[in-house]
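Have the viewer open while you read.

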Amino acid sequence: MTAVSAPTRPSQLKEFWRYFSENRGAVAGLVLFVALVLMAVAAPIVAPFDPDQQFRDNLLAPPMTHGAAGLFVLGTDALGRDILSRLIFGARFSLFIGVVVVSISLIGGIVIGLVAGFFRGIVDIVIMRVMDVILAFPSLLLALTLVAVLGPGLVNAMIAIAIVAQPHYVRLTRAAVMAERGRDYVTSARVAGAGALWLMFVTILPNCMAPLIVQAALSFSGAILDAAALGFLGMGAQPPTPEWGTMLAEAREFITRAWWVVTFPGLAILITVLAINLMGDGLRDALDPKLKRS
Amino acid sequence: MIGFLLRRLGLLIPTFIGVSLVAFFFIRMLPGDPVLLLAGERGLSPERYAELMSAFGFDQPLWKQYGLYIWDLLHGDFGTSISTKKPVFTEFFTLFPATLELSICAVIFATALGIPAGVIAAVKRGSGFDHTLMSTALIGYSMPIFWWALLLIIVFSSGLGWTPVSGRISLMFFFPKVTGFMLIDSLLSSQKGAFLSALSHLILPTIVLGTIPLAVIARQTRSAMLEVLGEDYIRTARAKGLSPVRVVAIHALRNALIPVITTIGLQVGTLMAGAILTETIFSWPGIGKWMVDSIFRRDYPSVQGGLVMIALIVMIVNLVVDALYGLVNPKIRHQR
């Protein structure tokens, strides 16, 4: 290590970036993820065809087929729709699902966890028992049942997955709040006259964020996987939506005849989830010194 | 230790009541009238409809239905399946061995590969093997297993023709059920080729269901080993002149395994969720497929009973894991 000339403390963001960029996998994940987001945003420009347009002359065309309409890079499905275009538009759904599920479960989980950890007593007991109940069911089974109750569809699938993901945030927030609430800075804020809401959200919450951000990254990828699984089981997004899991469900019967209709949607799910998990690992290393990669 | 166990058991009761409430009320909220669904296309006369409604108890007020339900649950009566007319309890435990067999094989697969891989990666930290293994583990951890299953079918079933696509055993074989485990029953039947048939049906589902646990176990073993390898007693063991193999296999691994075993125990929920997808794809006649089918058939009592029993199994396994962990790690026992 060379001598550091100016002993000023680097800004938090800079310090975070230094740790994060040390992890090459995390940077690769970030690059991939940004590329995916850009692709999803610019889908109408990037995609060679309309995702729902059916080319009747090119049903189940293998990859790199030159059709009358142009080049089908990843082939076409049973209705003659361009798979690449459908995958590009599908990225919108998957990322949207991730964002919505994480936002709902993160916000809900933080509020419930703060209340439980801050007030303790009977409120805490009731909340934690309810969370135990949710955790007692395998997540996909509970989500599946919830969707069956609410009716199949993308929105209901997102709600179900968010409900199932919630308890993890509640537990993390509660544990962090319980660790922080006895600290001197909280007591001094209380003595200075801060109310319960101020103490919860302004004084304590910012100091509990690290594990929550890591969990958010993990459940972002989990949400994409679960939504795709629900779509695959016919309980998520409904055809003809180009959601990746739903595309796989439609492709299942052609598994022996056309490998590409099955292979590419799954590959898209895998790459997206992998990119997010790589980022999650990097976030954990950079944000949470306690969980530092051993 | 007893106090710790009693406290944990005490926590199970409210959770169980919650689980039964969730199962009961969610199922009542499912769209579609079960009696009309049962009647199918032919329709029903109003008299017959009323008769069936009261036979199933659907004409009672909700709270009464719930009270009756709990009463029956406590007596081991989980209701009668609407589609097969058999008791849900019987139905569940007829199919459960299939799921159990698959899950056990998946856990064995994941453990037998995951622990050695994690140990080697930790010992050769920073090596090419370590990097390759950790990247592979991350891919496994990110795998959409329903797609993974389809890929394996494309390659090994339709491509190479090595393994069958669905079911537990070839239709050629028939023998009485003894244990419910196809591998054991096929051996007991002493029919030629039966065991191999059962085994070949089991391979792909086992790999699919075991993939995520394998990745988790390999990662967990590696980090637990790295932690332990830095401890003083390992340095002492090395300084004593013990062989490196002995130090790793006996002194380090034994201590590193404690968190790993906990992790394996806590994979039950993941396994059940995975079983839903795996069994659906491979037409494996177990609990996961049965639950999905029951949800699609709107078989209220089956979904209800299945939810409660699966949650009960997950809760009990978690309790056992907790107890074992408490047994080997006294620090946990005294925490609240």
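## Where the chains meet

Between chain A and chain B the count is 1 salt bridge, meaning a side-chain nitrogen of Lys or Arg within 4 Å of a carboxyl oxygen of Asp or Glu. That pair is D281(A) with R219(B), and their closest N and O atoms are 3.4 Å apart. The largest share, 13 residues, comes from α12(A). By type, that side of chain A splits into 27 nonpolar, 6 polar and 5 charged residues. Here Ala, Val, Leu, Ile, Met, Phe, Trp, Tyr, Cys and Pro count as nonpolar, Asp, Glu, Lys and Arg as charged, and the others, Gly among them, as polar.

Before going on, some ground rules: this is a predicted model, where local features need pLDDT of at least 70 and side-chain atom pairs count only at pLDDT 80 or more, while totals for chains, interfaces and linings use all residues. Residues are numbered from 1 along each chain as its sequence is written, chains are lettered from A and ligands numbered from 1 in the order in which they are written, and side-chain values use heavy atoms, with hydrogens and water left out.

As for overall extent, 38 residues of chain A are in contact (heavy atoms within 4.5 Å) with 46 residues of chain B. The two chains bury about 3,800 Å² between them, 81% of it on carbon and sulfur atoms; that is the accessible area (1.4 Å probe) lost on putting the two parts together, summed over both.

## The core

Which residues touch the most other members of the largest nonpolar core? Out of its 131 residues, they are L230(A), V261(A), V262(A), F146(B) and I287(B). Such a core is a set of buried Ala, Val, Leu, Ile, Met, Phe, Trp, Tyr and Cys residues joined through side-chain atoms within 4.5 Å. Leaving out residues up to four places away in sequence, L230(A) touches L140(A) and M235(A), among others.

## Charged pairs

Over all chains there are 15 salt bridges. Three within single chains:

| Pair | N to O distance |
|---|---|
| E250(A) and R81(A) | 3.1 Å |
| R183(A) and E180(A) | 3.6 Å |
| R235(B) and D232(B) | 3.3 Å |

E250(A) sits in helix α11 (residues 244-251) and R81(A) in the loop between β2 (71-72) and α4 (83-119), so their pairing ties together parts of chain A that are 169 residues apart in sequence. R81(A) is buried at 3% relative accessible area, whereas E250(A) is partly exposed at 26%; buried means under 20%, exposed over 50%, and partly exposed in between (1.4 Å probe, protein chains only). In chain B, R235(B) and D232(B) are both exposed.

Most residues other than glycine have a negative phi, and most peptide bonds are trans. Against that, the bond from P239(A) to P240(A) is cis, with omega near 5°. K85(B), not a glycine, has a positive phi of about 65°, and S283(B), also not a glycine, has one of about 45°.

Technical notes:
Helix = DSSP H or I, 4+ residues; strand = E, 2+ residues; numbered from the N terminus.
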